[in-house]
Amino acid sequence: MATKVGMEVSLAAAEAVKQANVDVVAAYPITPQTHIVEHLAELVNNGELDAEFIPVESEHSAMSVCTGSSAAGARSFTCTSSQGLALMNEIVFITASLRLPIVMLLANRTLSGPLSIWNDHSDVMSIRDCGWIQVFVENGQEVYDHVFIGYRVAEDRNCLLPFMVNLDGFILTHVIEPLEFLDQEIIDRYLPPYRPLYSLHPNHPVTMGAFSTPALYTETKKAQDEAIREAMPYILKGWQEFGDLTGRYYHPIEHYKTEGAKVILVTQGSLGETASIAIDSLREKGETVGLVKIRLWRPFPVHEFREAVKGAELVVVMDRAISYGASAGPLAMEIRSALYAEEERPRVVNWIAGLAGRDLSPEDFLQMIHQAKERSDEGYEIYGVRG
Amino acid sequence: MDKNLDRLNIYASRLLSEKEYFVPGHRACQGCAEALAVRLVAKALGRNTVVASATGCMEIVSSPLPLTSWNVPWMHVAFENAAAVASGIEAGLKVLMRKKRIPQQKITVMAMAGDGGTSDIGLQALSGAMERGHDFVYCCFDNEAYMNTGIQRSSATPFGASTTTSPAGSLVAGQTSWKKNMPEIAAAHNIPYVATACTSYPFDLMEKVKKAAAIKGPAYVHILSVCPTGWRLPTQMAILAGRLAVETGMFPLYEVERGRYTLNVELTELRPIEEYLKIQGRFRHLTQEMIAQIQQRVREEYEKLKKKVQLTNED
């Protein structure tokens with residue numbers, strides 16, 4: 001059974017954290033993540049969620065508290081945005097190497113400067129290589145669902161990696177959507193209580209976070225790299241079993257009207273929904289155009305992506321972050337690299353668009369697809385620059 | 001104190017546990033009083049302890065992968081966040097006990113850092129943890145500079161000391177600022193317990209650590225940890241240097257219990273500061289004028305402290 005509600009996505013995210021029976025929440029307020037934390041504080045102070053709520057003095061400490069509490073064996077949660085992520089950057093990398101199954105919601109917002117509170121993906125792209133499992137979601141339902149999926153996958157003893165859910169700031173966090181809430185009984189079946197493999201307790205002393213000399217560092221990092229590569233089947237299992245219980249199935253790469261498509265648009269995050277309207281109108285005109293949405297960002301599903309664009313002649317990649325001075329935006333770089341070894345590969349044209357909340361309408365996507373046909377598949381262009 | 005030290009063997013064998021939780025084999029320098037301080041603190045806290053360590057000498061010497069000197073659960077995350085990590089461990093253990101997922105018992109969470117990890121880069125995380133009122137013990141092992149990276153000055157380096165980033169030059173003679181008063185900063189958070197201690201007074205140190213662990217809420221123990229390597233001091237003189245730091249009034253031993261100040265080693269007369277300074281190479285370059293300046297400051301600070309004792313013990 002499930003309950004249909006209309007709710008702001010941030011509040012729904014907090015409700016999911018409650019239903020996931022999280023033990024420790026540590027967070028510092030930053031726009032546009034605030035409503036999630038505020039609602040969690042309410043849930044704890046009203047006795048609806050039995051957790052320790054730690055209103056830390058910085059995001060650096062938010063991630064540090066979660067690192068400590070997760071190491072103690074507690075299911076731990078935090079969320080942040082932009083500058084907050086930049087401040088906690090140091091610890092984000094360490095939690096992955098410590099193999100701690102923390103779940104973080106990242107309400108994507110651009111990085112300063114200039115200061116801007118609006119949405120793009122420059123925050124998450126700055127920590128692309130942090131070693132967390134990283135997914136993008138498209139709507140409120142996917143945010144709600146991925147809190148449970150996140151813990152289920154992260155805590156799987158075959159994974160033991162932190163899990164980051166990217167949701168677009170404002171576009172998702174501040175929007176009221178129709179959502180389906182799961183019954184607690186379903187969630188409890190899907191997500192058993194966290195039983196850590198190792199934890200900080202006097203009955204079984206362990207040393208965590210030892211330092212490494214060059215004699216062992218490479219082997220340590222090889223082990224960590226294998227951990228995230230080998231997490232793939234357990235991520236798929238987490239999605240599959242969630243689908244079996246709820247009817248909502250998720251995949252590393254989501255397809256939209258890609259059958260026989262000669263031109264494929266690639267997006268990440270909530271703009272996939274807007275882009276699909278553009279695809280519909282082109283299909284109505286008889287153009288063989290499709291949409292591919294990258295849900296799983298790390299580990300990157302190279303094989304699934306190659307399959308998704310097979311047969312296409314042109315792949316139009318929309319990035320929402322700049323990698324200054326690079327050959328392309330972060331997503332296009334990844335895609336060009338994934339396709340390089342293919343004998344027959346499509347042209348990859350890269351747009352950087354929708355920076356810091358600049359609106360993109362279906363018409364803009366039509367423009368990007370149209371203009372891409374004439375563009376070189378080298379480098380990138382920033383779409384819609386004024387003046 | 002002196003009497004106890006004279007009868008060290010008798011006293012120690014009767015009252016101190018022989019169990020070690022910070023075990024031999026670590027890679028600290030010869031004569032390191034900080035390693036001794038950590039050993040005494042771990043001994044005082046006993047088995048039911050979880051440690052969150054900052055980056056620093058004690059972290060590096062005790063945890064070279066795949067070895068460890070720790071017989072209690074111990075975690076290192078980064079340099080500036082020992083207090084935040086300890087907050088998380090404390091919160092985690094508390095909620096798991098409340099939800100009956102681990103047995104109910106008293107577990108002391110101890111955060112440890114050097115003077116740089118406490119008074120410089122870790123000050124914000126420590127202030128936050130003290131303000132939020134976590135039940136933990138924070139031990140600052142103060143060796144008065146960034147010794148791990150090669151004796152660079154910190155805000156806890158004393159006035160005049162020569163370090164690699166406050167060298168005694170022809171124009172500027174060593175550290176130009178006065179040592180940041182960390183115990184007072186801790187006390188200003190109105191936490192239930194603040195104390196200063198030194199390895200040259202081992203029983204006093206251990207008593208204070210035990211008291212800190214027994215008190216509910218944040219407790220801060222600031223431990224002067226003599227560093228022969230960084231202080232340019234013969235290795236056999238670490239204990240003597242610590243005693244002179246206390247007896248000259250340079251580092252008074254005191255407690256602040258719920259706002260009430262107590263001097264633990266009350267000195268009727270301060271030994272001349274020169275006796276402390278002259279045995280250390282880091283002060284070799286000091287002029288008589290600078291020594292007089294330090295002497296005056298030490299006297300003033302000691303008088304201030306005595307006044308606080310007086311003021312907070314009036315009925």
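The model is predicted, so local features need pLDDT of at least 70 and side-chain atom pairs count only at pLDDT 80 or more, while totals for chains, interfaces and linings use all residues. Residues are numbered from 1 along each chain as its sequence is written, and chains are lettered from A and ligands numbered from 1 in the order in which they are written.

**The sheet**

Strands are DSSP runs of E of at least two residues, helices are runs of H or I of at least four, and both are numbered from the N terminus; two strands pair if DSSP finds at least two bridges between them.

Next, select residues 263-267 and 314-319 of chain A: these are β11 and β14, which pair in the parallel sense over 4 bridges. Here A:V266 has A:V317 as its bridge partner.

**Helices across the sheet**

Angles run from 0 to 180 degrees between N-to-C directions, and axes are lines fitted to C-alpha atoms, for helices over the stretch in contact. Buried residues (20 or more other C-beta atoms within 10 Å of their own, with C-beta atoms placed from the backbone) in α12(A) are A:P330, A:L331, A:A332, A:E334 and A:I335.

**A helix pair**

Now select α6 (residues 140-155) and α9 (residues 232-246) of chain A, which pack at about 135° with their axes 9 Å apart. In α6(A), A:D145, A:F148, A:I149, A:R152 and A:V153 meet A:Y234, A:I235, A:G238, A:W239 and A:F242 of α9(A).

**Towards chain B**

Finally, show both chains: 38 residues of chain A are in contact with 41 residues of chain B, contact being C-beta atoms, placed from the backbone, within 7 Å. The largest share of the chain A side, 9 residues, comes from α3(A). Strand β9(A) and β2 (residues 74-76) of chain B run parallel, joined by 2 bridges, and A:M208 stands opposite B:M75 in β2(B).

Conventions:
Buried ≥ 20, exposed ≤ 12 C-beta atoms within 10 Å, placed from the backbone. Contact = placed C-beta atoms within 7 Å.
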